[in-house]
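Please keep the sequence and the model in view while reading.

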Amino acid sequence: GKWINAAIDNVSANAYAVDFGSLYRFRPNLTFGATLQNLGTKLNFLSEGDSLPLAFHLAAAYVPARRWLASVEGVLPQSGPASARFGGQWQPSEVVSLRVGYRTDNLKDLSPIAGFSTGVGITFWKQELAYAWVPYGDLGDTQYITLVIRFASFENKVPIMKSEPAANPEREPEPKPVPESTSSPKSPPRETGRSEEHTSEL
């Protein structure tokens with residue numbers, strides 16, 4: 001969930017919303033995803049309420065080669081025209097990621113270059129520091145700096161049973177323990193006692 005605050009002059013409004021998403025890996029190099037964003041309450045300014053920008057996103061990511069990634073995304077907002085987004089990434093090394101993208105929802109009353117964006121990501125200690133440049137035509141340029149912190153990885157969570165080493169076929173099997181006798185060695189059987197008494201009488 002998320003909390004949204006907006007202010008106009010001296011009047012502010014609050015709203016609460018949630019995002020729902022799903023991810024499906026069709027093949028090892030092809031993944032599909034879908035999200036529903038901003039499902040929640042309205043922003044109430046005094047007596048008027050404004051709905052949040054509810055939108056449905058459908059996307060796909062494809063890895064054609066080891067260091068290449070291509071993505072496409074379609075956005076269907078509740079109000080307004082639909083839009084598309086395209087992206088690409090190339091990793092010249094395990095540390096550096098070069099990115100480029102294009103989106104059509106920024107082209108209204110702006111030049112075609114307004115939909116273009118580019119950036120770079122630096123990975124260190126499994127975390128990432130990303131930078132992006134997004135031009136908006138006559139409105140100027142926008143700079144984004146993002147720090148991505150990963151707390152855990154699903155691939156590293158291996159069950160305990162699978163982490164045990166396999167048995168060595170060349171190793172000789174260990175001898176099975178011999179079960180202990182239930183009778184006490186200090187007390188001889190009764191038959192032995194009777195034979196000894198018969199021998200002493202003779």
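## Salt bridges and overall build

Arg103 and Asp105 are joined by a salt bridge, with their closest N and O atoms 2.8 Å apart. Arg103 is partly exposed, its relative accessible area being 28%. Asp105 is partly exposed as well, with a value of 32%. The structure described here is a predicted model.

In the whole structure, a search finds seven salt bridges. Side chains of opposite charge can pair when their charged atoms come close. The table lists three of these pairs.

| Salt bridge | N to O distance |
|---|---|
| Arg103 and Asp105 | 2.8 Å |
| Arg66 and Glu94 | 3.1 Å |
| Glu94 and Arg67 | 3.6 Å |

Which parts of the chain does the pair of Arg66 and Glu94 link? Arg66 belongs to the loop between β6 (55-62) and β7 (68-77), while Glu94 belongs to the loop between β8 (83-90) and β9 (96-103); the two residues are 28 residues apart. Both Arg66 and Glu94 are exposed. Glu94 also meets Arg67. Because Arg67 lies in the loop between β6 and β7 and Glu94 in the loop between β8 and β9, this pair ties together parts that are 27 residues apart in sequence. Arg67 is partly exposed, at a relative accessible area of 26%. Through shared partners, salt bridges join Arg66, Arg67 and Glu94 into one network.

The protein chain contains two helices and 12 strands. Along the sequence, the pattern is β-β-β-β-β-β-β-β-β-β-β-β-α-α. Of the 202 residues in the chain, 14% are buried. The chain exposes about 16,600 Å², and 60% of this area is supplied by carbon and sulfur atoms.

The largest nonpolar core consists of six residues: Ala13, Ala15, Ala17, Leu43, Phe45 and Leu52. Two elements, β2 (11-27) and β4 (43-45), each give two or more residues to this core. The largest share, three residues, comes from β2. Beyond its neighbours within four places in sequence, Ala17 is in contact with several residues, including Gly1, Ile4, Leu39 and Leu52.

How confident is the prediction? The mean pLDDT of the protein chain is 79, and 74% of its residues reach 70 or more. Over residues 154-172 the pLDDT is below 50, and this stretch has two contacts in the model beyond near neighbours in sequence. Residues 181-202 also have a pLDDT below 50, with zero contacts of that kind. Where pLDDT is low, the predicted coordinates should not be read in detail.

Definitions and conventions. Residues are numbered from 1 along each chain as its sequence is written. This is a predicted model: local features need pLDDT of at least 70, side-chain atom pairs count only at pLDDT 80 or more; totals for chains, interfaces and linings use all residues. Side-chain values use heavy atoms; hydrogens and water are left out. pLDDT is the predictor's confidence in each residue, from 0 to 100. Contact means heavy atoms within 4.5 Å. A nonpolar core is a set of buried Ala, Val, Leu, Ile, Met, Phe, Trp, Tyr and Cys residues joined through side-chain atoms within 4.5 Å. Buried means under 20% relative accessible area, exposed over 50%, partly exposed in between (1.4 Å probe, protein chains only). Helices (H or I, at least four residues) and strands (E, at least two) are DSSP runs, numbered from the N terminus. Accessible areas come from the Shrake-Rupley method with a 1.4 Å probe; for residues, only the protein chains shown count as cover. A salt bridge is a side-chain nitrogen of Lys or Arg within 4 Å of a carboxyl oxygen of Asp or Glu.
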